[in-house]
Amino acid sequence: MDKIFKLFFGFLLVFGLLIVALWTSEVPQNVTGSTDTAHQTLLHSGQTVATTSATKWLSYFFGMGIIGIFGFVIFVGGRKKDQAIRKKMYRILGIGLLFYFIVYNGMVNSWWTYVETNSMDYFMGLPKPTAWMIFGMMFIPFFISFFYITKFEDWVYTKEDEQRFAEIMANRKKRDK
Amino acid sequence: MEAYRNPIILTFVALYMLLCIGVGIWALRRTKSTHDFFMAGRDLGVMVTAFAVFSSTLSGFGFVGGPGLVYKMGMSSVWMIVCVIMGYNISFMLLAKRLRLFAELGNSLSLPDVVFLRYGKRSTSFLVAVAIILGVLGYLATQILAMAIVLQDILVETDFLATISLEMCVVVSCSILVFYSVTGGIVASVYSDLIQGGVMVIAATLVFLTVVYTFDNGFSEISQTIQEHDPEAIGPWGTLGMVGCLSWFFVFGLGSSGQPHVVTKMMMYKNVNDAKYILPVSTIGYLFSALLWIGIGLAMRALVLQGVQPELETADAAASQFLQNYAHPVLAGVVFAGLFAAIMSTADAFLNIGTAAVMHDIPKAIGKTIKNELFWARTTTALITIFSAVFALYSGDLVAILGAFGWGTFAAAIVPVVVLGFNWKRATPMAANIAVISSLVVNFVIKIFKISVPYNIDVGALALTVSLLLFIGISLASEQPELDPDVEAVMDL
C-alpha cells in the first residue's frame, strides 16, 4: 500500500511544480476573458493558452495530472487484501483510466483544431470538442460505476467481509460488557 | 393563465413549504434519541439515501448561480458537472462502505466521531469539527440569504406584500427551515430531501425541454448563435480558459468526497450492500437536475445575443428571467418550488452537521459531556439558524468569503484526512492535523490578502494540492501509528 502512496507523493510533487511553472509562465492576454464590448453582463474570451507552445503544453499536462490524481485515488479505493480480487479490480480500474486519458486527449486535440480552424462541425448540437467534453469526459467514468454496481458482492464487500465484520462487532460487544 | 403567473408561483411555493412542515410533524414521532436526530437511526433505504446525497450536493447554486455562470462565461462552469460521475465514483469506492462500517463500529453520531475512531486523537476530531463549523457558517448564511431573496422576488410582485422587507423574508423562510429541522432532525431532513430531489429532477427536465423548444432549431441554434459571437464561449473551456476550468474539474471532482454534509449521509443507510444501488440513483438524479443549470444558461446567452431578450441586469437573474418570460406559469411554479427545495435541502444538511459539531463534537473533544443531548440538539439547531440569519444579513463581506470558500475548504481539509486516511493505515494524526490547518490557512490567506492567482486557478484546488502533499509526505516520513485492532480489521475489509 505504501508503494502507491510513495508514487502518489512523487506524482503530486511533479503536479505542484507544474502549477508553479504555470504561475511563473507568461500569461496570454485576457486568458480568463474580459467584459464583452456590447453586453456588460457577458464575458468574451481572450487569447487561449494555445497561443504559446509553453502554456499550451503546460495546460495539457495540468489536465493529464488531474486525471492521474483521480487515478491514484481510485486505485487506493480499489485495494483489497485478497490478491486475486485486487488484481482484477486494478485491471478494470486501469482500463477505465486509460479510456479517460484517451478521451481527454481526443477532446484537447479536437479543441486545438477548433481554435486553429474555427471549425463549425457539430455533434448532437454541440461543436465537436464540446461534444467530447459532454459525451466523453462526463460519461466515461460510468465504466467504473458499472463495475462497482455489478461486482459489488464479488469485489467491494464480499460475503466473507460481511461475516468478518459481524465477528468484529460481536467481539467488540463482548469486550464492552 | 399568464395573468395568474405570480399567484400560481406563490401557490406552488406555499404548498411546498406546507409539505416541509408536514414532514417535520411526521418525523417528530420518529425522533426519540440523538442517534435518530443525527443519524436517522442508521436505518435509511436506498432511495432516501440516494436522493439525500444528490440533493444536498446541488444547492441553490445549481438553480441560480450555475445558470448565471453559464450565461456569463459559456461552457466554463459546466466542468463542475462534468466531474460528477468521477466524483461520485471516488466517494463510493473510498468512503461509502468504510464510513458505514466505521459508523456502526463506533456507534458514531458525526463525521468528527469517526475521525476520532480512526485516528484516536481528540485534536484531529476537534480540528475537523472547527473546519466544519467555519464552512457551515458561510454556507448556511448564503443559503438563507438566497432563500430570502428569492422569496422577496416572488412576494413583491403581489399586491398585498409588495413592500415586504428582506428581514421579514429571512424570518419566514427560516421559520419553516427551523420547524422541520428542530422537530425531526436528520429524519425530517432526509425525507424532505426525497421530496426535494424529486421536485428538482422533474423541474429541471421540464425546463430543459422548454429550452430546446424555445428555439426553432433546438440546441444547434443555441450553439451557432453563441459560436458566431465568440467561438470559445461554446468551446469546452468557455471564456474562463483551459486552466481555470480544469482547476474546477479537480476541486469539484475530488472535492465532492470531502463535503461533510454529503458524505455524512453515507453513515446512515441500513445495509452496506445498498451502496451499489445508491451510487447510480444519486448520479442520475444529479445529472438530470443539472440540465437546468446548462440549459437555462446557454439559452439566455443565445437569446440576449439574438436580441430577443433584453440584456440582464445581473448574470444571476438568468434563471428567474427565463422562467418569467419563456416558461409556462405552472412550470415556473414547479421550478420555484424546486429552487426552494434545492436551497432548503442543503441548508438542513448543514444545520445538522453544524449542530453535531457545536453540541457533540467540540464538547467531546475538550472532554465535556452534555446531558439531555436531544433537547440541546434541538435548541442548538434553532440557535445556529438564528445566528446564521443575523450573520447573513449583517456581516457584509465575511459571509461571501466563507460562502465562496466553503467547498474548497471542505475539500482540502477533509479529502486527505477522511478519503485517504480511512483507506491507509500509515496515515498519522499529526499529518491529519496539519492537512486541516493548511487547508484553512491557504484558503483564507489567498482570499483575505487578495493574492492574484494566474488563470483564475481555483483557490480550493491549490489548497487541496498542498494539503494532499503535506498529508502524504508527513505520514510517509513518520512511523506507522498503532491502530485500534477493530479499526485495523475494518480497514482490511
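**Salt bridges, interfaces and voids**

Tutor: The side chains of Arg175(A) and Asp486(B) meet in a salt bridge, 2.4 Å from N to O. This is a predicted model, in which local features need pLDDT of at least 70 and side-chain atom pairs count only at pLDDT 80 or more, while totals for chains, interfaces and linings use all residues. Residues are numbered from 1 along each chain as its sequence is written, chains are lettered from A and ligands numbered from 1 in the order in which they are written, and side-chain values use heavy atoms, with hydrogens and water left out.

Student: What makes Arg172(A) and Asp486(B) a salt bridge?
Tutor: The rule asks for a side-chain nitrogen of Lys or Arg within 4 Å of a carboxyl oxygen of Asp or Glu. The closest N and O atoms of Arg172(A) and Asp486(B) are 2.8 Å apart, so the pair qualifies. It crosses between chains, from helix α7 (residues 159-176) of chain A to helix α20 (residues 485-491) of chain B. Helices here are DSSP runs (H or I, at least four residues; strands are E, at least two), numbered from the N terminus.

Student: How many salt bridges are there over all chains, and how many cross the interface of chain B and chain A?
Tutor: The count over all chains is 12. Across the interface of chain B and chain A, the rule finds 4.

Student: How do you know which residues of the two chains are in contact?
Tutor: Contact means heavy atoms within 4.5 Å. By that test, 87 residues of chain B touch 88 residues of chain A.

Student: What is the area buried between chain B and chain A?
Tutor: Buried area is the accessible area (1.4 Å probe) that two parts lose on being put together, summed over both. For chain B and chain A that is about 8000 Å², with 72% from carbon and sulfur atoms. Met86(B), Met93(B) and Tyr455(B) supply 10% of the area that chain B buries, more than any other three residues.

Student: Which domains does chain A have?
Tutor: Domain 1 (1-77) and domain 2 (81-177). The bounds come from an automatic or database domain assignment. Their centres, taken over C-alpha atoms, are 22 Å apart. The contact takes 16 residues from domain 1 and 13 residues from domain 2 of chain A. Together the two domains bury about 1400 Å², 81% of it on carbon and sulfur atoms. Tyr60(A), Ile67(A) and Phe75(A) lose the most area on the domain 1 side, together 44% of what that side buries.

Student: Why is a void called a cavity and not a pocket?
Tutor: On a 1 Å grid over the protein atoms alone, a cavity is a set of points where a 1.4 Å probe fits but cannot get out; a pocket is an open set with protein on both sides within 12 Å along at least five of seven lines. By this rule there are 5 cavities of 30 Å³ or more. The largest cavity has a volume of about 130 Å³. That volume is the space filled by probe spheres set on the points, which are joined across faces, edges and corners.

Student: Which residues lie nearest the centre of the largest cavity?
Tutor: Gly77(A), Val156(A), Met93(B), Lys97(B) and Arg98(B), out of 17 lining residues. Lining residues have an atom within 4 Å of a point. α6(B) gives the most, with 7 residues.

Student: What makes the lining of the second largest pocket nonpolar?
Tutor: Ala, Val, Leu, Ile, Met, Phe, Trp, Tyr, Cys and Pro count as nonpolar; Asp, Glu, Lys and Arg as charged; the others, Gly among them, as polar. The lining has 17 nonpolar, no polar and no charged residues.
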